[in-house]
Amino acid sequence: MTLLSVETLTARHGLLTALRDVSLSVEAGEVLCLIGANGAGKSTLLRCIAGAHHAATGTVRLHGRDMTALSAFARVRTGIALAPEGRRLFPDMTLRENLMLAAENGRRGDWTLTRVLDAFDALKPLLDQPAGGFSGGQRQAAAIGRALMANPDLLLLDEVSLGLSPAAVEGVYASLAQVRGGGKMGMIVVEQDLTRALSFADRVICLSEGEAVLEGRPADLTRAAITRAYFGLSQGEVTHV
Amino acid sequence: MSESLLNALVQGVLLGGYYAIVAAGLSLMFGVVRFINLAHGDLLVLGAMLALIAVEALGWPVWLAVATVIPLMAALGWALQRLMFERALAAGPLLPILVTLGLGATLQNGMFGLFGSNTRSLGAHIGDLSWSGWSLPGGLRVGTLPVLTFTLAIAVLGLMHLMLRRTPLGRAIRATAQDPGAAELSGVDARRVHRAAAAIAFALAALGGVLLAMRAQVTPFAGPPQLIFAFEAVVIGGIGSLWGTLIGGIVLGLAQTLGGTISAQVSLLAGHLVLLAVLGWRVLRDEAAARGGWIALMRVKGPSHD
Amino acid sequence: MTEPHLLPMPKGDRRLILSAGALLILLALLPLVAPAQAIDKLTQLGIYVLLAVMWNLLAGYAGLVSVGQQAFVGLGGYAMVRLVEAGLGPFPALVLAPFLVALVAWPLAWFVLRLRLGEFAIAMWVIAEVFRGLVMFDPLVQGETGTSVLALNAIDADTRRLAIYLLSLVAASAALAGSFVLLRGRLGAEAQAIRDDEEAAASVGVSTFRVKRLIFVAAAAGCALAGTLWLASAITFQPRTGFGIQWTVFMLFMVLTGGLGTFLGPVVGAVLLMGLQEAFGDFGAWYLFGVGALSVAFALALPGGLVGLWSARRGREPLSMRRRLSAGEG
């Protein structure tokens, strides 16, 4: 069965329509990268799936079950976890507490403190320090670790490399490669760095002005097609390649 | 002269323990649920009244009355959060203030209608606790009850500290206080956390009420001053800080007992003035920071208006 | 594309204003026929309307919930006591005292308007308590005992009643007319912008502080006037009643039941409070219990109050201060 299916999702910020009739699906074990310019609606899409933003119309299903009416915390407990934009760690709590919080309120499963620390080596020495003092890379690793502690079936990662040094990006993606090695967890990753997205993803969707304008496997997409979609040059129909 | 001053200092510090207990509940609601419960003082009096009924009308021993009233008030906190405050919070930041102000007036007059204006006290039911004490060298006298209250305050704050640091509920409370949205994304049900916080706050108010009834007379209209004192302790000690409420309570207690050496009127006024001074200092500091330092503030008169 | 412009006032509103004018004339002539007791009640109603309009200006239009408006009610009464003591006639003192209170409120605004929402609410309460405490030091007031404006007794009772009645009528209608002009003008638009989105309003150059201070000072003076009118009819000034929290509880009730942030809400609420007081006032504490409980019930179940309910039925708020543009989408 399809892990996640999103059907004709429309979302607004006040009068502004941020997403228009977006549909997509993710299979278990699949990594989907969302690309697109700033303001294309990538973060809003993730927030709608996680339940942090209320969609105006459309449905979100996990394992075929309708999630649309559930609030964010209830979706965590059914298997969706989001590492949000801006990381949103709890600055006055230690890393350990940040991670334990998700474990205590999320689902039981394979992802434990030890396993998260194994995947994100750099976090080990920080365990008992308050998260408020972390560097950008450390915060991103901690946020992803926190999402994993809830043992999701679907992991949503917003703006993975935004604001990170090249070395930190390298580190985070090395860890993510290990995370996806696990197998049955699906992932949706918002990534600004096109090269990085194409090398990491099983499938890519490009959003432009709130609409999905291009979808395909990285190997099947040409640079030119992506660039056109990225800048909204091929408006209208979704191009399936 | 110096003897009474020393006595006032000691009494002030001990009084601070009582204020800390009342303030801790108010602070928890303010920090976690994000509104100031204007009925906090009246709920404190409700707790005291319930204990008084249990002791005077039903003949229960004091310990049993206290052990019943505190969980009862906690349950009331849970219920009111769920049925009343949640609704008010959903309608914007103004409404909780309006609702709790109305609730306070309702409680005061309801208790007055039920129990009349007679002042009541648990003092007669706690044996020699209400008057016993120790005479120390230098003419110093410390009552058993104030010392007990202060010790209890330390114990309560210590327990709350441990609860917030060491338990899953405590972590959920802190996370919700820091970033409710992120807490939800970690699976925390903010509404349940808010209800738990309200239950704790009401229990603390009830404990404060019982302690107040032990050392003083309680009337149905005794609540508002208690709310003001609690608010003063919270602001003086720094909003959102647990141990800060103890410091704030002690400063308030000191201001009141020192003012009390002049007159009862000055005692209350002194506490209020300390609060206004702290608020004024904070406003000036923020204003100075926003305009690039104190010197800049001195030069510019008034805020920028055309 | 046409220039967007403000819609003209709806017909219903014009009729409402005309009938309000007619009612005013009738009320002014009423003492010719009505018994003294009725005149006293209407005086009280006028004071209630004045208070409710002031609190609605604060909470409904400037977003400032003050639990300490009794500070200005009490201070108004005290200023009048002092002015009379200084040799002024009671009626000149009654009118002058609110201006003195406004002079106190002006610098106070600089401080309190910088506090956060809930802090402002309680800080105002504490300030009321401080005023009360300070006033009680005045040997003239003698602590809790209070004092009487004996100069009022020198005036013939009927003349006094008539004068106070007409003054409270003028005060209530002036408060309504004044806030109407104020809210229909630039200030109203700015207050609306602040209420809708304070940051956005500030970013387009609306000085939120200036707007709030104007409303704060006006409300202080209005409450002070209510205090002096009250004192003129009660004669005795006691710190406990003058600075009592019950003033704010009544204002809360009137504004919530009538309709927070609606222009006519305070009037409706004042009439309701007066009616309840007449019907159940003898029940004392239980009447006040009902006032509190009704406030809570309205806040939770009907936050728009009676005027809000009426507007929802009719699809339009009478005498709305919300601006509507004729062009562009709403």
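Visitor: How many residues of chain B are in contact with chain C, and how many of chain C with chain B?
Guide: This is a predicted model, in which local features need pLDDT of at least 70 and side-chain atom pairs count only at pLDDT 80 or more, while totals for chains, interfaces and linings use all residues. Residues are numbered from 1 along each chain as its sequence is written, and chains are lettered from A in the order in which they are written. Two residues are in contact if their C-beta atoms, placed from the backbone, lie within 7 Å. The counts are 39 residues of chain B and 38 residues of chain C.

Visitor: Which element gives the largest share of the side of chain B that touches chain C?
Guide: Helices are DSSP runs of H or I with at least four residues, numbered from the N terminus. Those giving two or more residues to this side are α3 (62-90), α4 (94-115), α9 (223-237) and α11 (264-290) of chain B. The largest share, 14 residues, comes from α4(B).

Visitor: Which element of chain B gives the most to the side that touches chain A?
Guide: Here 15 residues of chain B are in contact with 23 residues of chain A. Both α6 (168-178) and α7 (180-185) of chain B supply at least two residues of this side. The most, 6 residues, comes from α6(B).

Visitor: How many of the 14 residues of α5(A) are buried?
Guide: Helix α5 of chain A covers residues 136-149. A residue is buried if 20 or more other C-beta atoms, placed from the backbone, lie within 10 Å of its own. The helix is mostly covered, and its number of buried residues is 13.

Definitions and conventions
The expected span of a helix is 1.5 Å times one less than its number of residues. A residue is buried if 20 or more other C-beta atoms lie within 10 Å of its own, exposed if 12 or fewer, and partly exposed in between; C-beta atoms are placed from the backbone.
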